[in-house]
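Here is a quick briefing to read with the model open beside you.

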Amino acid sequence: MSEDSARLARALIEFREAEGISERELALRTWLSQATIRTFERDRGDLPTPTVARSFEEVLGWAPGSIKTTPCESTDREPSADSAMELE
């Protein structure tokens, strides 16, 4: 369990309690699944992906980039010649 994931877990639980909302309502507000909400509220030790982190930051009112994330592969790669031909 990392300090960052523990901070996120506490923040999500405190937010839900303060708002008086369920996991389901938080999932609707963040456009994430209830399973994702449960995973991070139970502090499984993993950091969220950038997309999940941005959703949590928006709902919690935190500055963008304030939640550490897992490194992800860049999707800005140029398509291969094979995939470019498939698009034609």
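Which residues of α4 are buried? They are Val-52, Ala-53, Ser-55, Phe-56, Glu-57, Val-59 and Leu-60, where buried means under 20% relative accessible area, exposed means over 50%, and partly exposed is in between (1.4 Å probe, protein chains only). Keep in mind that this is a predicted model, so local features need pLDDT of at least 70 and side-chain atom pairs count only at pLDDT 80 or more, while totals for chains, interfaces and linings use all residues. Residues are numbered from 1 along each chain as its sequence is written, and side-chain values use heavy atoms, with hydrogens and water left out.

**Overall layout**

- The chain has five helices and zero strands; helices (H or I, at least four residues) and strands (E, at least two) are DSSP runs, numbered from the N terminus.
- Reading from the N terminus, the order of elements is α-α-α-α-α.
- Of the 88 residues in the chain, 32% are buried.
- Take the contacts between residues at least 6 apart in sequence: 42% of them join residues at least 24 apart. A contact here means heavy atoms within 4.5 Å.

- Two packed helices are described by the angle between their axes and the distance between the axes.
- Axes are lines fitted to C-alpha atoms, for helices over the stretch in contact, and angles run from 0 to 180 degrees between N-to-C directions.
- Helix α2 (residues 23-30) packs on helix α3 (residues 34-41) at an angle of about 110°, with the axes 8 Å apart.
- That makes α2 and α3 roughly perpendicular to each other, because angles of 65 to 115 degrees count that way, with under 35 roughly parallel, over 145 roughly antiparallel and the rest oblique.
- On the α2 side, Glu-23, Arg-24, Leu-26, Ala-27 and Thr-30 make the contact, and on the α3 side Gln-34, Ile-37, Arg-38 and Glu-41 do.
- By class, this contact of α2 with α3 has three nonpolar, two polar and four charged residues. Ala, Val, Leu, Ile, Met, Phe, Trp, Tyr, Cys and Pro count as nonpolar, Asp, Glu, Lys and Arg as charged, and the others, Gly among them, as polar.
- α2 also crosses helix α4 (residues 50-60), at roughly 105°, with the axes coming within 9 Å. This pair, α2 and α4, is therefore roughly perpendicular too.
- Here Leu-26, Arg-29 and Thr-30 of α2 meet Ser-55, Phe-56 and Val-59 of α4. The contact of α2 with α4 divides into three nonpolar, two polar and one charged.

**α4 and what follows**

- The buried residues of α4 pack against α1, α2 and α3.
- Glu-58 also lies in α4, but Glu-58 is exposed, with a relative accessible area of 67%.
- Glu-58 and Arg-29 are 29 residues apart in sequence, yet 9.5 Å apart in space, C-alpha to C-alpha.
- Leaving aside neighbours within four places in sequence, Gly-65 touches Arg-54 and Glu-57.

**Two more residues to look at**

- Ser-5 is in helix α1 (residues 3-19) and is buried, with a relative accessible area of 5%.
- Not counting residues up to four places away in sequence, Ser-5 touches Asp-43, Gly-45, Asp-46 and Leu-47.
- Trp-31 is in the loop between α2 and α3, and counts as exposed at 80% relative accessibility.
- Trp-31 is not a glycine, but has a positive phi of about 65°.
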